Amino acid sequence: MNFIERKTLDVNTTHAILQDAYDALPQLMSRLAPGGWEESSFHQELMDSRQLFYDCYLESDSASVWETDSSSDVSAHVDQPEEKLSLDDYLYICFPPIGYDYLELFYLISCMLTEITFVSNLYRNHDGDMYYFDEMTMEDMVIQLAHENGEIDKNWADLMVFTFSPPYMEAMELHYCLEVLFRILLKHGFQLDYWHNEILQVVDLQNVYQELLFSNLDAHEKEQRRESVKADINAILRTYDSSAIDPLDLPAIIEMFNLREVCPIVLAYLHAYGEFPKGYPYLLTEYQGYL
């Protein structure tokens with residue numbers, strides 16, 4: 001696979017997929033937060049992120065005041081700082097806005113859509129091209145759809161930016177959201193060309209290991225760097241298997257991933273489509289030639 005060959009999914013199709021995702025919010029919210037969104041861990045985690053941003057603002061503002069006060073000659077001629085902004089005012093341009101439950105969930109699942117094509121691709125049978133969701137286009141369109149669906153006005157939408165990391169989800173919560181998203185992608189005629197990110201990382205590191213052999217480094221530094229690369233591969237492999245696997249044996253590594261790893265994306269795709277995506281089970285020949 002060559003990522004240069006991928007194309008950004010066109011704006012109209014992206015808009016239609018996101019609108020379908022927005023329309024699924026009531027169904028998703030009742031499943032993820034039966035006790036109410038504000039009581040959910042997702043909302044609480046977003047509020048914690050907002051508070052952290054706000055606390056950093058307060059601390060930086062206090063530090064600047066301290067620096068001014070510490071210089072007595074200057075401080076006498078400097079205006080005192082303006083009154084501190086409230087949390088709501090400070091985060092005014094941050095999406096999702098405080099108090100908009102649907103937009104918090106919309107933000108979360110839009111991040112999932114982007115993640116699906118982080119290293120994998122969407123394709124249609126009648127079309128030979130591979131597509132992905134462009135992150136910046138997705139952010140702009142999510143905010144645009146928030147306005148189009150009457151959640152926020154246009155002036156506010158024009159100011160807003162994505163700011164926070166998406167909240168953590170338990171395995172079954174993640175599975176349910178991904179399954180809903182894949183049913184939407186199926187409706188639009190897309191299938192998934194799946195690649196496992198960590199196998200790709202292993203292949204990249206193995207290539208670096210081989211390239212170091214022909215580098216101009218002295219023998220000691222060359223050996224140190226190659227051992228460091230092997231350690232990085234082993235760190236990835238230990239997540240799945242504590243037994244000793246040769247970090248340079250790609251066939252054994254592919255076999256281990258097929259035995260030990262079923263990605264949530266693959267499982268949700270199976271439930272939505274009734275079959276595994278292209279690229280699963282993992283094939284040695286695919287990963288040997290992906291560059």
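The paragraphs below go through a predicted model of one chain, from its overall dimensions to single residues.

The chain has 291 residues, and 43% of them count as buried. Its secondary structure comes to 14 helices and six strands. Taken along the principal axes, the C-alpha atoms fill a box of roughly 70 × 55 × 35 Å. The radius of gyration is 24 Å, whereas a compact globule of 291 residues would have one near 19 Å. Among contacts with a separation of 6 or more, 75% are between residues 24 or more positions apart. The chain exposes about 15800 Å², and 52% of this area comes from carbon and sulfur atoms.

Y168 and L108 are 60 residues apart in sequence, and their C-alpha atoms are 9.6 Å apart. P251 and L185 are 66 residues apart in sequence, and their C-alpha atoms are 32 Å apart. P251 belongs to helix α12, which covers residues 250-260. Its relative accessible area is 41%, so P251 is classed as partly exposed.

Y168 itself is in the loop between β5 (161-162) and α9 (171-187). With a relative accessible area of 55%, Y168 counts as exposed, because the cut-off for that class is over 50%. Apart from neighbours within four places in sequence, Y168 is in contact with F42 and E45. Its side chain also makes a polar contact, at 3.5 Å, with the side chain of E170.

T117 is another loop residue, placed between α6 (101-116) and β3 (121-124). Is T117 buried or exposed? Its relative accessibility is 2%, and buried means under 20%, so T117 counts as buried. Leaving out residues up to four places away in sequence, T117 touches R6, L122, Y131, Y132 and F133. With F133 there is also a polar approach: a polar atom of the T117 side chain lies 3.0 Å from the backbone nitrogen of F133.

The next topic is the aromatic rings. The chain has 20 aromatic pairs, counting rings whose centres lie within 6.5 Å. One of them joins Y100 and W156, with ring centres 5.6 Å apart; the planes are at 75°, so the pair is edge-to-face. Y100 is in the loop between β2 (94-95) and α6, and W156 is in helix α8 (residues 154-159), so this pair ties together parts that are 56 residues apart in sequence. The two partners fall into separate accessibility classes: Y100 is partly exposed, at a relative accessible area of 25%, whereas W156 counts as buried, at 13%.

A further pair is formed by Y194 and Y282. Their ring centres are 6.2 Å apart and their planes are at 40°, so the pair is tilted. Which parts of the chain does this pair tie together? Y194 is in the loop between β6 (191-193) and α10 (197-213), and Y282 is in the loop between α13 (264-273) and α14 (284-288), so the parts that are joined lie 88 residues apart in sequence. Both Y194 and Y282 are buried. These two tyrosines also belong to a cluster linked by ring pairs, made up of Y194, W195, Y240, F257, F276, Y280, Y282 and Y287.

Rings also take part in contacts with charged groups. R31 lies over the face of Y176, at 4.2 Å from the ring centre. In the case of Y209, the charged end of R226 sits over the ring, 3.7 Å from its centre.

F95 and P96 are joined by a cis peptide bond with omega of about 5°. P96 is in the loop between β2 and α6, the loop that also holds Y100. Y280 and P281 are likewise joined by a cis peptide bond, here with omega of about 0°. P281 is in the loop between α13 and α14, where Y282 is also found.

Conventions: Residues numbered from 1 in each chain as written. Predicted model: local features only at pLDDT ≥ 70, side-chain atom pairs only at ≥ 80, totals over all residues. Heavy atoms only, no water. Helix = DSSP H or I, 4+ residues; strand = E, 2+ residues; numbered from the N terminus. Buried < 20%, exposed > 50% of the residue type's maximum accessible area, 1.4 Å probe, protein only. Polar contact = N/O pair within 3.5 Å; in protein donor to acceptor, adjacent residues only side chain to side chain. Contact = heavy atoms within 4.5 Å. Phe/Tyr/Trp six-rings, centres within 6.5 Å; stacked < 30°, edge-to-face > 60°. Lys NZ or Arg CZ within 6 Å of the ring centre and 35° of its normal. Rg over C-alpha atoms; globule rule 2.2 N^0.38 Å. Areas by Shrake-Rupley, 256 points an atom, 1.4 Å probe, with all protein chains shown as cover.
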